[in-house]
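Welcome! Here is a short tour of a protein model, taken topic by topic. Have the structure open beside you as you read.

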Amino acid sequence: MIECRDLTKTFGFGKEKLKALDGVSFRIAPGQIAGLLGPDGAGKTTLMRHLCGLLRPDSGSVSVLGLDSVRESAKIQNQVGYVPQKFGLYENLTVAENIQLYASLHGIPKSDLAQRVPRLLKITLLERFTERMAGKLSGGMKQKLALICALISRPRLMLLDEPTVGVDVLARREMWLILRRIVEEENMTVVASTAYLDEADYCDQTLILFEGRLLAQGTPEEIRKKAEGLTESPTFEEAFQALICGSVPQRLVRKNPVREDAPVRIRVENLVQRFGNFTAVDQISFKIRSGEIFGLLGANGAGKTTTFRMLCGLNRPTEGQIEVDGKPLTQNLEKMRAQTGYVAQKFSLYGDLSVRQNMEFYGGAYGVRGKLLQERIAWAMDAFQLGPFARMNAEKLSMGFKRRLAMACALLHEPSIVFLDEATSGTDPISRHEFWKRILELADSGVAVIITTHFMDEAQYCDRILIMRDGRSIAVGSAEEIRKLGGNAETLEDAFVALVSDDHPETQTETHSVSAVQEDGK
Amino acid sequence: MSPSRIFALMGKEFRQLVRDPLSIALGILLPVVLLLICGYGMSTDIRNIKMAVVVPEPSREASLIISRFQSNGFFDSVTVHSTQEAEELLHRHVVDVCLFLPHDLAKKCRERDVELLVAVNASNPSPAFLKKGYIETVLAGVAPQLLSETPPDPSGSQLSGMGFTIHSRQWFNEENRSAYSIVPGIIVIILTIIGALLTSMVMAREYEQGNLESMFVTPMRSSEILLAKMTVNFGLGMVGLGISLFIGCVLFGVPMRGNPFILIGGSCIYLIVSLCIGLLISSLTKNQFLAVSGTIITTFLPSYILSGFLFEIKSMPPFLQLLTNFVPARYYVDFLQTSLLVGDVWPNILKNLTALTLFAVLFFILAKVKNPKRL
């Protein structure tokens, strides 16, 4: 189906050269789901674009459906379905119009569409939304619409670039189940990339990509075996770590779990944030104690970031109270900010300053100076292994190291409250492990940590978790309690899915359909 | 090329255009607003024009002229007796206009050889032009009485035919530009905005939002999307042109002296040039912000500054004059001004349209080459 031979692609010139793909060779057999796994910047998108003939390799060759990707790119493009990371939907066209456009581009006859479109809409549960503008759909729905647009021509091969990025666990699960159903019913081959390593189990084959090199290829089971002997019943992520550096770091444990009588740092009561008619956060209440790791979970748009912004004093709540150390936040804002560290979802450091200069700047901005600043920088360089890159400009760092630098900058002033907004998304497993090691250390030393994340395995580390949906809190408790709340689910992910669906009559039907899809598919 | 695909793409472009408030604003609102603002400036009644009448010696004829200006209601006139005095007043901005009557006015009227000089402070050209016009109108009214022996000319205002010559000087700005030149200028601006700016923006948006990435992986050819984009924005440009011409000609009385079909044909060529530049820039930058900045610098500003719309090309430094040869808008401004205000001057039309056609071909080829079906 697909064959890559020694594929190499370099971007940029001279000193700025970046090897996006370095001698990648593999084959993918028809009739299966192949997962392209790797952190951000591993080369997944570059590889995808080569597969559909949008990029020309520097050396090596790509053959797709027996066609050469350079000489016969037009033929490949006629026969494959491709969903790029940015969907490629026209936001001010309706769902039906988007589908119609792609159908016309592929020259699909009307009679064919009459059966195919309703079927695809049914599988993806978009039937009720055909007249809605694509721009007004949720992230998960946009992904599914993009999928329909690519499927409309009955391609033999589907290429999907990160179809599950930035959507909640429920939508991710649904997407993989839809893909499975398509592979089986339509006799298709699917290649999908993802940065979520826990999605490996949805694939028949996995390709592990890291820094432009293909580290391994095999079934998820075969990949897990790579870490055998290094640790007990290895996870996929541990296998990835083993592939990168040949060893598996020790699993992380809390040394001093938070105590019930630890002082309450942040108390939030009946917090409400409205934007016009829209209620982004609706009656949220929680307490965060000293030394506690508190996780805010939920889909994009559930209200996590808005809650975060209110806690940091960036947004003023419409209603409700936020108290820090027993005093209202509004009266305490300066003091609160001085002891808060914040790592934003987007890379917010200065790309054209060196690692050291960024640290000096952020340290100075928080009022750390002179000898103390030098000491803290030395600590950060050591703790986050940034020493070798001290003089490198921040934009040149890999994704994982950018995240480490962002974290280092946020910790220079030894904050006692730390906010992490999806601070690990897109990083490689080694950096992520490094990251969490620091977070656990911080919590052990009494720092209150508030995080948002899409990774369910990260949620495991939290002392307490609050799950949000549509601005409301639908469950609070430890990972253990959440599992019980979710009907004694086996994993946190299952519990999350169960909770989020129970709460919401609309999603309930969706989830039922998901299980229907599952039953149909299997 | 498949007609059904182009048709589908055009349908998509049209829907997007209609739903995008910005496009509608640029295509329809902008011409109306620009023309109304400038048109208002063009048709303002200027009252209380401060005028000095230089009367070297009193005479019946001089009094007649002065009384006409005083009774007219538009002028505030003072009578002075020497040229120096009048110049002094003009320099001190006490008056804006000076009317110089000759010596021996009575005798010259009898001999039908009257020469008058009108000097206008033309530092603001449009009102200066109007004031001069007003003075000429008043003089045309008074002329038959001055030359009383002559039966009034039925056609009215041909002053020179009556042996009446008015010389005018526009002080401080020798190269006065007619207010009418604003309408052709605005048409150029509108076609540049719709053609280059809007097109480069919507195309760059497709790169930015990943639309093209997924469209490329269909049987669609890149020339098909170029064509569809051009067609729809071409339509919008034509709507803008139509509105501008309508407002210019009907509301503000800009004369359309040339053949309207030639005018529209030439405009089509210029619009195609703009469209191709827009497509070229967007495929080079692939980013909305860069595309807009690039388009403003390379097309929009030159079409204002280097096209001869705001500043006379002949009065530019030689280097800039040379540079204007590479500004397509320059040829179009010249073409439009001639076509609207002068008439069909074939050497001029041929020269300008040839240049525009060459630009269109050049930029279409570049846009096609720079828009391959690759990222």
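Let us begin with one pair of side chains: A:R116 forms a salt bridge with A:E186, and their closest N and O atoms are 2.8 Å apart. This pair ties together distant parts of the chain, since A:R116 sits in helix 4 (residues 110-124) of chain A and A:E186 sits in helix 6 (residues 169-186) of chain A, 70 residues apart. Please keep in mind that this is a predicted model.

**Salt bridges**

- How many salt bridges does the structure hold over all chains? The total is 46.
- Three salt bridges are found across the interface of chain A and chain B.
- B:E213 and A:R49 are joined by a salt bridge between their side chains, with an N to O distance of 2.8 Å.

**Where chain A meets chain B**

- On one side of the meeting place, 29 residues of chain A take part, and they are in contact with 26 residues of chain B.
- Together the two chains bury an area of about 2500 Å², and carbon and sulfur atoms give 54% of that area.
- Which residues of chain A lose the most area to chain B? They are A:L54, A:Y90 and A:L105, which together make up 28% of what that side buries.
- Polar contacts link the chains too: 13 residue pairs are counted between chain A and chain B, with both residues at pLDDT 80 or more.
- On the side of chain A that touches chain B, the elements giving two or more residues are helix 2 (73-79), strand 6 (80-83) and helix 3 (95-105) of chain A.
- Helix 3 of chain A gives the most to this side, with five residues.
- Sorted by class, the residues of chain A on this side are 15 nonpolar, nine polar and five charged.

**The largest pocket**

- Try to find the largest pocket, which has a volume of about 1400 Å³.
- Its lining is made of 48 residues, and the closest to the pocket's centre are A:D40, A:G41, A:A42, A:S398 and A:M399.
- Several elements of chain A each supply at least two lining residues: strand 2 (18-28), helix 1 (44-51), helix 8 (236-245), helix 13 (399-411) and helix 14 (429-444).
- Which element of chain A provides the largest share of the pocket lining? Helix 13 does, with six residues.
- The classes are evenly represented in this lining, with 16 nonpolar, 16 polar and 16 charged residues.

**Cavities**

- The structure also holds five cavities of 30 Å³ or more.
- The largest cavity contains about 90 Å³ of space.
- This cavity is lined by 16 residues, and those closest to its centre are A:Y82, A:Y102, A:C149, A:A150 and B:S214.
- Strand 6 and helix 5 (139-151) of chain A are the elements that give two or more residues to the lining of the largest cavity.
- Strand 6 of chain A gives the most to that lining, with four residues.

Note on methods
Residues are numbered from 1 along each chain as its sequence is written. Chains are lettered from A and ligands numbered from 1 in the order in which they are written. Side-chain values use heavy atoms; hydrogens and water are left out. Contact means heavy atoms within 4.5 Å. Buried area is the accessible area (1.4 Å probe) that two parts lose on being put together, summed over both. A salt bridge is a side-chain nitrogen of Lys or Arg within 4 Å of a carboxyl oxygen of Asp or Glu. A polar contact is a pair of N or O atoms within 3.5 Å; within protein, one must be able to donate a hydrogen and the other to accept it, and residues adjacent in sequence count only if both atoms are side-chain atoms. Ala, Val, Leu, Ile, Met, Phe, Trp, Tyr, Cys and Pro count as nonpolar, Asp, Glu, Lys and Arg as charged, and the others, Gly among them, as polar. On a 1 Å grid over the protein atoms alone, a cavity is a set of points where a 1.4 Å probe fits but cannot get out, and a pocket is an open set with protein on both sides within 12 Å along at least five of seven lines; lining residues have an atom within 4 Å of a point. Grid points are joined across faces, edges and corners, and a volume is the space filled by probe spheres set on the points.
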